[in-house]
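Visitor: I would like to go through this entry and ask what stands behind each label. Please show it first.

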Amino acid sequence: MSADRRVDVLVAGLGPGGCAAALAAHAQGLGTLAVEARGPQGTRAQLILVRPGAQAALRQLGLPDITEGRRTTTIRQVENRLRAALTAAVTAAGAAPPPPQSPHFSLCWRTSVAALDVGNDHVQVTLRDETTGALRHLQARHLIDATGGRLEALGRPPREAAGPSHWVITAEYTQPPWFEGIVGVRDRSTQELCLLFPTWGRRGVIAYLDALPGPGGDGLLLAQRFEAIAASLGLGPPLHPATAVDVFQRTLRQPSSDRVVPIGDAVGTVDVLTGNGASTAMEDAVQAVQAVAAAQRAGTAAAEAALTRMANEQVFARHRRAIGRGRLILAVRPVLERAWPAATLPHVGRDDVGPPPLLWPAVRLVFGRRPQAL
Ligand SMILES: Cc1cc2nc3c(=O)[nH]c(=O)nc-3n(C[C@H](O)[C@H](O)[C@H](O)COP(=O)(O)OP(=O)(O)OC[C@H]3O[C@@H](n4cnc5c(N)ncnc54)[C@H](O)[C@@H]3O)c2cc1C
């Protein structure tokens with residue numbers, strides 16, 4: 001890449017939000033470069049829900065049924081499906097004759113945004129090749145920040161605390177589930193909640209341990225309890241080491257006011273308990289890119305600036321609504337938790353875990369209807 005290369009849109013980060021943004025930018029005919037700090041293979045085992053709004057956004061991108069008729073899937077599955085679509089689009093764009101007329105579309109894996117300088121009519125970006133350490137520069141008319149908030153370290157406005165934090169431990173196991181649907185167990189004294197989900201095709205189990213929201217918490221201690229619970233349930237060795245995450249609610253104080261358009265977790269964290277973060281990121285992405293495309297076609301610098309501001313405000317407002325739903329679920333967690341069978345953790349047997357009453361009506365209410373398989 002030459003030092004002065006220009007693109008219409010630089011998508012930074014290829015999680016669910018960034019992948020959807022890159023596909024949407026390509027579909028809008030914008031010259032697009034998408035960069036991802038990690039490699040092309042998704043590895044994250046977290047369960048995600050693809051909500052009806054996200055299914056609709058993905059349909060617009062030519063991905064009518066990413067979950068093959070399921071409501072839930074893993075973040076790995078979604079990332080890998082989206083990344084395969086991206087790779088196919090890059091190949092097709094490269095083959096389209098004559099190249100100068102077709103909008104450029106390319107992907108760089110193991111490449112990070114290392115610095116950025118936002119000007120009036122473009123963003124000057126420094127990219128770092130994570131394999132060689134080499135730096136290169138480009139100008140982007142808009143930058144879609146899909147890094148999950150990591151550009152804060154490069155001087156972008158920080159997200160602020162917006163609610164209580166709570167620890168979540170999660171891991172995936174390859175032993176087929178012995179149970180149907182979703183099962184769980186809670187500890188009355190600690191108010192910890194352990195949930196077990198079958199994975200895609202019932203090939204394994206994803207386990208979550210959620211601690212009560214509140215200040216403090218000890219991730220290491222909770223990770224040890226999680227391992228003891230997994231051993232008691234005979235889940236076997238995890239596919240990857242269990243991940244302990246301090247899920248704290250944070251959000252931007254106000255919409256971005258320049259050419260950097262944050263989406264997904266870069267706007268704010270949507271609480272894990274709603275299973276909604278990835279869906280929200282994908283919905284943000286499609287909305288943001290459509291608005292950025294309209295801004296770039298506006299014709300004057302003033303109109304482009306006004307439409308960019310509007311794009312940021314729209315994404316910010318819809319994302320805040322999703323965050324609000326997450327906070328609501330957190331607020332009623334002590335009540336929801338009582339629906340699960342009780343036992344003393346970590347010493348819990350397979351007979352102790354079970355579904356709560358009215359599981360599926362509740363799932364439909366909170367998470368939306370199951371998508372139609374095509
Ligand atoms: C323990 C846990 C459980 C969760 N469970 C669920 C769930 O059940 N359901 C659900 O929907 N959500 C869940 N989430 C949240 C969900 O993972 C996020 O909301 C979702 O991944 C956000 O997507 P995103 O595209 O905004 O960002 P991310 O998925 O965070 O992707 C950001 C990407 O940017 C890349 N990146 C970072 N910095 C740079 C840089 N400088 N340059 C280039 N690339 C960069 C990263 O490598 C990453 O691939 C969970 C999260 C956690 C931590």
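Visitor: How many nonpolar, polar and charged residues does the shell around the ligand have?

Guide: The model is a predicted one. By class, its ligand shell has 19 nonpolar, 15 polar and 4 charged residues.

Visitor: Which residues of those that surround the ligand are the closest?

Guide: Of the 38 residues in the shell, the closest are Gly13, Gly15, Gly148, Gly264 and Gly277. Two or more residues each are given by α1 (16-27), β3 (47-49), β6 (111-118), β9, β13 and α5. The largest share, 4 residues, comes from α5. Domain 1 (5-158 + 252-326) and domain 2 (160-248 + 336-367) each supply at least three residues.

Visitor: What makes α5 mostly covered?

Guide: A residue is buried if 20 or more other C-beta atoms lie within 10 Å of its own. In α5, 17 of the 20 residues are buried.

Visitor: Where does α6 bend?

Guide: The bend, about 45°, is at alanine 331, and proline 334 follows within four residues. End to end, the 37 residues of α6 (301-337) reach 53 Å, close to the 54 Å expected.

Visitor: Which residues are buried in α6, and what covers them?

Guide: Among the buried ones are Glu304, Asn312, Phe316, His319 and Leu330. Their cover includes β8 (135-145), β9 (160-173), β13 (243-251), β14 (260-262) and α5 (277-296).

Visitor: Why does glutamine 191 count as partly exposed?

Guide: Glutamine 191 has 16 C-beta neighbours inside 10 Å and therefore counts as partly exposed. The loop that holds glutamine 191 runs between β10 (183-186) and β11 (193-198).

Visitor: What makes the backbone worth a remark at these sites?

Guide: Most residues other than glycine have a negative phi, and most peptide bonds are trans. Arginine 110 has a positive phi of about 50°, and glutamine 191 a positive phi of about 60°. The peptide bond from leucine 345 to proline 346 is cis, with omega near 10°. Proline 346 lies in the loop between α6 and α7 (359-367).

Note on methods
Residues numbered from 1 in each chain as written. Predicted model: local features only at pLDDT ≥ 70, side-chain atom pairs only at ≥ 80, totals over all residues. Expected span 1.5 Å × (residues − 1). Bend = angle between axes of the 7 residues up to and from the residue. Buried ≥ 20, exposed ≤ 12 C-beta atoms within 10 Å, placed from the backbone. Contact = placed C-beta atoms within 7 Å. Near = placed C-beta within 6 Å. Nonpolar A, V, L, I, M, F, W, Y, C, P; charged D, E, K, R; others polar. Domains from an automatic or database assignment.
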